[in-house]
Amino acid sequence: MAVSLRASKQGLEIVERERKKKGWEATAASWYDAANTSAATLKRFRRGIPIQQDVFIAICKAVGIENWEEIVDNTPTQPTASYMEFSVYDDAWVGRETLIQQLSDRVNSSCRVLLLVGITGIGKTALAERLVEELRGDWREHRDNFEDNNKALDFASVAQQWLEKWGETVPNEERKPEQLLRRLVKRLRENRYLILMDSLEYLLTGNEEDGWGDFADEWWGKFFVSLLAESSCQSRFILTSQDLPTKFETAECDRYKNLWHCQLLRGLETTEQIALFQKAELDGDLELPHSPLRVIGEVYDGHPLALRTIAGEIKGSYGGKVRAYWKDNSRYIEEVKEAIDEARNQGIVKGDEDRWKLASYTKVLRRKVKERIDKTFERLKNDVYDAYVLLCMASIYRCEVKEKWWLNTLEYDGYSKEQQKAAMQTLRERYLVEDGGIDDEDNRLVGQHNLIRSVAIAHRLMLP
């Protein structure tokens, strides 16, 4: 869990004196740039709101205060603060700073429901927690993780739990979904709650005829529509999901499109990958584009969980020696790099004989990465077998290709046009395909994240 600190009243007086000596404005860009943070975080520091420890220290040092401990407020946090604990976000966080600023601005403005979507391990929960840290202030924070097998999933049970946790008594005669909905919306409208709902995909269901992504309990859909329909609301929601909750794409929610936002997460950019490895104290000639760590970052499409897993393994099992790790494992990574380059440069897109092991060539990767992706595949297999087959069969393509080529893999097995389109739509709603734009002949291009393809290859080989 990331350690947070807040400045005391006396500490802020010291900071103000030092700031004025430098001739800086209260929110000077020179100040927050020197601390490698944002204007919003600096404002929160100056308001005595907890921020991440390393940023707190950097802000103090940037203004000329080396003894940052004297700025810290060590008095117990007031119970009303109700800060949530972070399960993923920690001091190793890097990147996404522009996105954090954009999303926090949305939440602080009119966005009542923020959806963070993407494949497993791409950093949805970590970003959600980072946003909570950025927004932290006079909100009353609350979170629920619906991946917990012991967690109730129906709206009525969850609504009752929330209300009772927040101090309301719910009589037996008022425990019907409609009554709970009204009470909960009123509570959220009149009070400042910041609610993180993690793994929302576990609340979703569907069928092959009507599609997937609908709430299994219709009252969840009614609740979010009611929340958006209110003329004003003080509370905010941050939702994470591997699947798109399609309720937000219906006409009911479209009329409130300024009050909710869906953000698709992709891998870390090259500069962010470099920062991740540097923070793990793995330099490894990062300035060279073909150095081992740069190649690893490219091959894994910047997937945060995979890169952090590899960085941890280099530090833990190889004493931080990148060359030693590369000597043992480069054959797996270079095989993929060569295949990708071949597909891009020579137009050879099929790799029927590929046996990529990106998610499984070490025990640590199998445990931390492959098992999570396998879980996604199993859920897809059980829910929409046609889409599972399509994802597996299309793993023969090494890079983005025409969508019709994907669909042809099903056509050869006797699937109808309608079944093909429905399967592709399911993969889009679960973010298991990546749209690659339009080619010169106006054909839509689609592809797979390299990690997804790595696991899809193994599943394709097990198809009957």
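Student: Which residues of helix 7 meet helix 9?

Tutor: Phe155, Val158 and Trp162 in helix 7 meet Trp219, Trp220 and Phe223 in helix 9. Contact means heavy atoms within 4.5 Å. Helices are DSSP runs (H or I, at least four residues), and strands are E runs of at least two, numbered from the N terminus. The model is predicted: local features need pLDDT of at least 70, side-chain atom pairs count only at pLDDT 80 or more, and totals for chains, interfaces and linings use all residues. Residues are numbered from 1 along each chain as its sequence is written, and side-chain values use heavy atoms, without hydrogens and water.

Student: Why are helix 7 and helix 9 called oblique?

Tutor: Their axes cross at roughly 50° and come within 8 Å. Angles under 35 degrees count as roughly parallel, over 145 as roughly antiparallel, 65 to 115 as roughly perpendicular and the rest as oblique. Helix 7 and helix 9 are therefore oblique to each other.

Student: How do the residues in the contact of helix 7 with helix 9 divide by class?

Tutor: Six are nonpolar, with no polar and no charged residues. Ala, Val, Leu, Ile, Met, Phe, Trp, Tyr, Cys and Pro count as nonpolar; Asp, Glu, Lys and Arg as charged; the others, Gly among them, as polar.

Student: What does the lining of the largest pocket hold, by class?

Tutor: That lining has eleven nonpolar, eleven polar and eleven charged residues. Helix 15 gives the most, with five residues.

Key:
Axes are lines fitted to C-alpha atoms, for helices over the stretch in contact, and angles run from 0 to 180 degrees between N-to-C directions.
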